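Let's read a structure together, one feature at a time. Have the viewer open and follow along.

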Amino acid sequence: MPDPVIPERNKKLDKKDPNPCSNCSYCCEYVAIEIDKPETARDFDNIYWYIIHKDVWVYSDHENDWYIQFNSPCEKLEGHLCGNYFNRPMMCRDYSVKHCSRYGDGDPEEKVLFKNEVDLFQYLKKKRPAVFEKMKKRLDLKKAPKEPLSSPILTP
Ligand code: SF4
Ligand code: SF4
């Protein structure tokens, strides 16, 4: 399971804590599916289409794998607890808090995150100017919002 994009990070995992997931259920509140690494203007246009949908983000991790993330909680959640514990899918069984980005010793956080089109266009302008110019020819970016609607992109 890819790591969720977690707002609260770098807590220290206390190995003696009997419930390190206490008051947290972030990893049950999204679905992330790996997508092909975008290369062309058309690929980024597809990402543009994804992220103008409500609660859909795209990110890449530090291994340069790309994911589409649907921020949609599992229907089986009961508060922060699993209401389907004994019948939970393998994806849930395989996931370990040891790999959780909430903790400092978890997997690294995402490298690029597009929560909206402003994040995407700022990234393209800076990192993929040729793609940005191509898209600019087709889109009227003057009508696009100027400021990120949420948190800014995270780039190295
Ligand atoms: S594994 Fe991480 S994201 Fe999932 S509930 Fe535990 S602390 Fe939260
Ligand atoms: S089945 Fe349970 S563990 Fe799996 S995503 Fe849903 S609430 Fe979380």
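Q: Before the details, where is N23 found?

A: N23 lies in the segment before β1 (31-35). Helices (H or I, at least four residues) and strands (E, at least two) are DSSP runs, numbered from the N terminus. A word on the conventions: this is a predicted model, in which local features need pLDDT of at least 70 and side-chain atom pairs count only at pLDDT 80 or more, while totals for chains, interfaces and linings use all residues. Residues are numbered from 1 along each chain as its sequence is written, and chains are lettered from A and ligands numbered from 1 in the order in which they are written.

Q: What is the phi of N23?

A: Most residues other than glycine have a negative phi. Phi of N23, by contrast, is positive, near 60 degrees. D55, also not a glycine, has a positive phi of about 60 degrees, and D55 is found in the loop between α1 and β2.

Q: Is N23 buried or exposed?

A: The idea is to count C-beta atoms, placed from the backbone: a residue is buried if 20 or more others lie within 10 Å of its own, exposed if 12 or fewer, and partly exposed in between. N23 counts as exposed because it has 7 C-beta neighbours inside 10 Å. D55 is exposed too, with 11 other C-beta atoms within 10 Å. P20, found in the segment before β1, has 16 such neighbours and so counts as partly exposed.

Q: What is P20 in contact with, beyond its neighbours within four places in sequence?

A: Two residues are in contact if their C-beta atoms, placed from the backbone, lie within 7 Å. By that rule P20 is in contact with L13, D14 and V97, leaving aside neighbours within four places in sequence. The C-alpha atoms of P20 and R102 are separated by 10.0 Å, although the two residues are 82 apart along the chain.

Q: How many helices and strands does the protein chain have?

A: The protein chain has four helices and six strands, and along the sequence they follow the pattern β-α-β-β-β-β-α-β-α-α. Of the contacts in the protein chain with a separation of 6 or more, 73% are between residues 24 or more positions apart. Buried residues make up 21% of the 156 residues.

Q: Which residues of the largest nonpolar core touch the most other members?

A: In soluble globular proteins, nonpolar side chains tend to be buried together. A nonpolar core is a set of buried Ala, Val, Leu, Ile, Met, Phe, Trp, Tyr and Cys residues joined through C-beta atoms within 7 Å. Here the largest core has 16 residues, of which I47, I51, W57, V58, F114, L120 and L124 touch the most other members. At least two residues each come from α1 (41-51), β2 (56-60), β6 (112-114), α3 (117-127) and α4 (129-138). The most come from α3, which gives four. Not counting residues up to four places away in sequence, V58 touches I47, Y50, I51, W66, Y67, I68 and F114.

Q: Which residues in α3 are buried?

A: D119, L120, F121, Y123 and L124 are buried in α3. What covers the buried residues of α3 includes α1, β6 and α4.

Q: At what angle do α1 and α3 pack?

A: Two packed helices are described by the angle between their axes and the distance between the axes. Axes are lines fitted to C-alpha atoms, for helices over the stretch in contact, and angles run from 0 to 180 degrees between N-to-C directions. The angle between α1 and α3 is about 155 degrees, with the axes 9 Å apart. That makes α1 roughly antiparallel to α3, where angles under 35 degrees count as roughly parallel, over 145 as roughly antiparallel, 65 to 115 as roughly perpendicular and the rest as oblique. F44, I47, Y48 and I51 in α1 meet E117, L120 and L124 in α3.

Q: And at what angle do α3 and α4 pack?

A: For α3 and α4 the angle is about 125 degrees, with the axes 6 Å apart. That makes α3 oblique to α4. F121, L124 and K125 of α3 make the contact with P129, V131, F132 and M135 of α4.

Q: Which residues are around ligand 2?

A: A residue is near a molecule if its C-beta atom, placed from the backbone, lies within 6 Å of it. Around ligand 2 these are C28, C74, K76, L77, C82, N84, R88 and C92. For ligand 1, C21, C24, Y26, C27 and C100 come nearest of the 11 residues around it.
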